[in-house]
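I opened my notebook today to look at one structure, a step at a time. Here is what I looked up, in the order I went.

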Amino acid sequence: MLAAKHDFTIERGGVFTRSIQWKDTDGNSQDLTDYTAAMDIRPSWLSLVVIKRLSTDDGSISLGANGLITLNLNADDTKALTGYMKGVYTLEMYPAGLTVNAIRLLEGFVFFSNEVTE
């Protein structure tokens, strides 16, 4: 399965929440029982620098019923995303608690919008 492409904009100093529904090729919601997820934002595809990591381990990614995956960053988290105007990300799903054999579900660019009024 090839990863779907989607770009995000994160407003610094604001709450960032996005929900994604994972469906199989027949349009049925994916059962997320026993899955974990992680998403790294990096400056470029080849960079080892991680601007921000979201995961089910820290609660910044939550997995719900009917294949619902929700990304969450609070205002303090987004305010700390300084020094970059753009990055790249991959959202990976790990079945049955594995940390290898990830399913790359989504990938794309992240644009950071600066806060002007505080």
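**Entry 1: the sheet**

In which order do the strands of the open sheet of 3 strands come? I kept in mind that this is a predicted model. I found the order 3-7-6, with antiparallel pairing. Next I looked for the edges, and they are strand 3 and strand 6, each of which pairs on one side only. From one strand to the next, the twist averages 15 degrees. I also jotted down a reminder for myself: the strands of a sheet pair through backbone hydrogen bonds, either parallel or antiparallel.

**Entry 2: the pairs**

I then took the two pairs in turn. Strand 3 (residues 16–21) is joined to strand 7 (residues 68–73) by 6 bridges. In this pair I picked out F16, which has L73 of strand 7 opposite. On the other pair, I counted 3 bridges between strand 6 (residues 61–63) and strand 7, and these two run antiparallel as well. Here L63 has I69 as its bridge partner in strand 7.

I followed the chain through the hairpin of strand 6 and strand 7, where 4 residues lie between the strands. One of my notes here is about N66, which takes a positive phi near 60 degrees.

Is T78 buried or exposed? I looked up its relative accessible area, which is 0%, so T78 is buried. T78 sits in helix 1 (residues 75–79). Beyond residues up to four places away in sequence, T78 touches I10, E11, R12, G13, G14, F16 and L73.

My next stop was M39, in strand 4 (residues 36–42). M39 counts as buried because its relative accessibility is 2%, and the cut-off for buried is under 20%. Which residues does M39 contact, leaving aside neighbours within four places in sequence? I listed K52, R53, L54, I61, L71, Y89, T90 and L91. I looked at L91 again: M39 and L91 are 52 residues apart in sequence, yet their C-alpha atoms are 4.4 Å apart in space.

Which residues make the nonpolar surface patch of about 450 Å²? They are W45, L46, F109 and F111. I checked F109, which is found in strand 9 (residues 103–113). With a relative accessible area of 32%, F109 is partly exposed, because that class lies between the 20% and 50% cut-offs.

How values were computed
Residues numbered from 1 in each chain as written. Predicted model: local features only at pLDDT ≥ 70, side-chain atom pairs only at ≥ 80, totals over all residues. Heavy atoms only, no water. Pairing = 2+ DSSP bridges. Patch = residues over 30% accessible without salt bridge, like charges linked within 9 Å, V, L, I, M, F, W, Y side chains within 5 Å. Areas by Shrake-Rupley, 256 points an atom, 1.4 Å probe, with all protein chains shown as cover. Salt bridge = Lys/Arg side-chain N within 4 Å of Asp/Glu carboxyl O. Buried < 20%, exposed > 50% of the residue type's maximum accessible area, 1.4 Å probe, protein only. Contact = heavy atoms within 4.5 Å. Axes fitted to C-alpha atoms, helices over the stretch in contact; angles between N-to-C directions.
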